[in-house]
Amino acid sequence: MSSKRGRFGVGQLISHRLFDYRGVIIDVDPTFQGSHEWYETMAKTRPPKDEPWYHVLVHEANHRTYVAERNLEPDNSREPITHPETTDYFADFQDGRYVVLHVVN
């Protein structure tokens, strides 16, 4: 198992290299945490499982994706995304990045 830290963090804007969409990171897994079946069906380019994978809210969509680090690059547009779940995860958008919502129990 890799101990490599991810290049991207929660709240950071990204672009998908292959599918040309923007999004925001909502969670990071240090290694692939999906099922073998999902990987075989969805991960057509066979990205490495022992590197970080990201949970992403997709701009102008209602879904989220699970993406290998090698398929992402920073989105330097500094523009917020449109997604119905952004307020579930983030308190604000400042300086081109989302501010994580801190929930008090």
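Visitor: How much space lies in the largest pocket?

Guide: A pocket is found on a 1 Å grid over the protein atoms alone: it is an open set of points with protein on both sides within 12 Å along at least five of seven lines, whereas a cavity is a set where a 1.4 Å probe fits but cannot get out. Grid points are joined across faces, edges and corners, and the volume is the space filled by probe spheres set on the points. Here the largest pocket holds about 280 Å³. This is a predicted model, where local features need pLDDT of at least 70 and side-chain atom pairs pLDDT 80 or more, while totals for chains, interfaces and linings use all residues. Residues are numbered from 1 along each chain as its sequence is written, and side-chain values use heavy atoms, leaving out hydrogens and water.

Visitor: Which residues are the closest to the centre of that pocket?

Guide: Lining residues have an atom within 4 Å of a point. There are 16 of them, and His16, Phe19, Trp38, Met42 and Tyr66 are the closest to the centre.

Visitor: Which element gives the most to the lining?

Guide: Helices (H or I, at least four residues) and strands (E, at least two) are DSSP runs, numbered from the N terminus. Strand 4 gives the most, with four residues. Helix 1 (36-42) and strand 4 (64-68) each supply at least two.

Visitor: How does the lining divide into nonpolar, polar and charged residues?

Guide: Count Ala, Val, Leu, Ile, Met, Phe, Trp, Tyr, Cys and Pro as nonpolar, Asp, Glu, Lys and Arg as charged, and the others, Gly among them, as polar. The lining then has 11 nonpolar residues, four polar and one charged.

Visitor: Now, how many salt bridges are there?

Guide: Look for a side-chain nitrogen of Lys or Arg within 4 Å of a carboxyl oxygen of Asp or Glu. That rule gives four salt bridges. One of them joins Asp75 and Arg22, at 2.5 Å from N to O. Asp75 sits in the loop between strand 5 and helix 2 (86-89) and Arg22 in strand 2, so this pair ties together parts 53 residues apart in sequence.

Visitor: Are Asp75 and Arg22 buried or exposed?

Guide: Buried means under 20% relative accessible area, exposed over 50%, and partly exposed in between (1.4 Å probe, protein chains only). Both Asp75 and Arg22 are buried. Compare Glu40 and Arg46, whose closest N and O atoms are 3.2 Å apart in another salt bridge: Glu40 is partly exposed at 35%, and Arg46 is partly exposed at 36%.
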